[in-house]
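Reader: Could you take a close look with me at the charged side-chain pairs here? I would enjoy one connected account.

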Amino acid sequence: MRVVLVGPPGAGKGTQAQFIASHLSIPKISTGDIFRANVSGGTELGKLAKGFMDRGDLVPDEVTIAMVRDRLAENDAQEGFLLDGFPRNVAQAEVLKKMLADFGIGLDLVLELVVDDDEVVRRLAGRRTCRSCGKVWHVDFDPPKVDGICDACGGELFQRDDDREETIRHRLEVYQEQTAPLISFYADEGILRGVDATGPVEEVTQRAMSELRRFAD
Ligand code: ADP
Ligand code: ADP
């Protein structure tokens, strides 16, 4: 299946993407993760992206699209993929559509994770990310057994630079202005499904999976 997850920063896209991708045996492709790996690796791409990310702005489309094009060309993405964080504006969505159409394929479903602003702020303010494996935790909602240490790999947890209060506010504005229009874009294509993203992580995964199963039947 070819699936896209959309939703505001903090909705739980990364958290859900890992479970859904593993249920469907397809790779999870998270543009935020790829950018962050480039920033910590000190690559040219990382140097270019860092300023935009720290401010909470979108990295320019040409850079992002080239990166996604390369990733989608890899072997593991040929039978399907789950995109997390891409597309993030209508221009990216149009290019993705064209990119897939050139291969005679298209997206199957776009899942919108629906959660209100107050919950998003609570989730982002307590988010901690593992420096080694990238797994996401929350200080209150999903705490690791030992404070500051990733249960999965023993790596050090850190708070993302863009999860500071002021940047969070700006990212939510960017979402409303640039990313939210994707909702009607994909609704018009008939492939949008809303998923209530409140409540325990496993329940949200179940809701997402039932939309995906309904499509597959
Ligand atoms: P979140 O999980 O909080 O929504 P991400 O990890 O997806 O955030 O993205 C972090 C940052 O990486 C974004 O604020 C943006 O600067 C950059 N980024 C990620 N995906 C894209 C994209 N598709 N287009 C432009 N910039 C992106
Ligand atoms: P996104 O990728 O959409 O920015 P994340 O998956 O990184 O969102 O989740 C943001 C924060 O919210 C993380 O700290 C994560 O542990 C927490 N979180 C995710 N899903 C839930 C949930 N259903 N209930 C409570 N907290 C959650």
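Reader: Where do K47 and E44 lie, and how many residues apart are they?

Author: Happy to walk through this. This is a predicted model, in which local features need pLDDT of at least 70, side-chain atom pairs count only at pLDDT 80 or more, and totals for chains, interfaces and linings use all residues. Residues are numbered from 1 along each chain as its sequence is written, and side-chain values use heavy atoms, with hydrogens and water left out.

K47 and E44 sit three residues apart in helix 3 (residues 44-55), so about one helical turn separates them; helices here are DSSP runs of H or I with at least four residues, numbered from the N terminus. The two form a salt bridge, with their closest N and O atoms 3.4 Å apart. That term means a side-chain nitrogen of Lys or Arg within 4 Å of a carboxyl oxygen of Asp or Glu. K47 is exposed at 57% relative accessible area, and E44 is exposed at 59% (buried is under 20%, exposed over 50%, partly exposed in between, with a 1.4 Å probe and protein chains only).

In helix 9 (residues 201-216), R207 and E203 are four residues apart, again about one helical turn. Their salt bridge spans 3.5 Å from N to O. R207 is partly exposed at 26%, and E203 is partly exposed at 41%. Elsewhere, salt bridges with shared partners link R127, R160, D162, D163 and R171 into one network.

E74 and R71 also meet in a salt bridge, at 3.5 Å from N to O. Here R71 is buried at 16%, whereas E74 is partly exposed at 42%. Across the whole structure, the search finds 22 salt bridges.

Note on methods:
Chains are lettered from A and ligands numbered from 1 in the order in which they are written. Helices (H or I, at least four residues) and strands (E, at least two) are DSSP runs, numbered from the N terminus.
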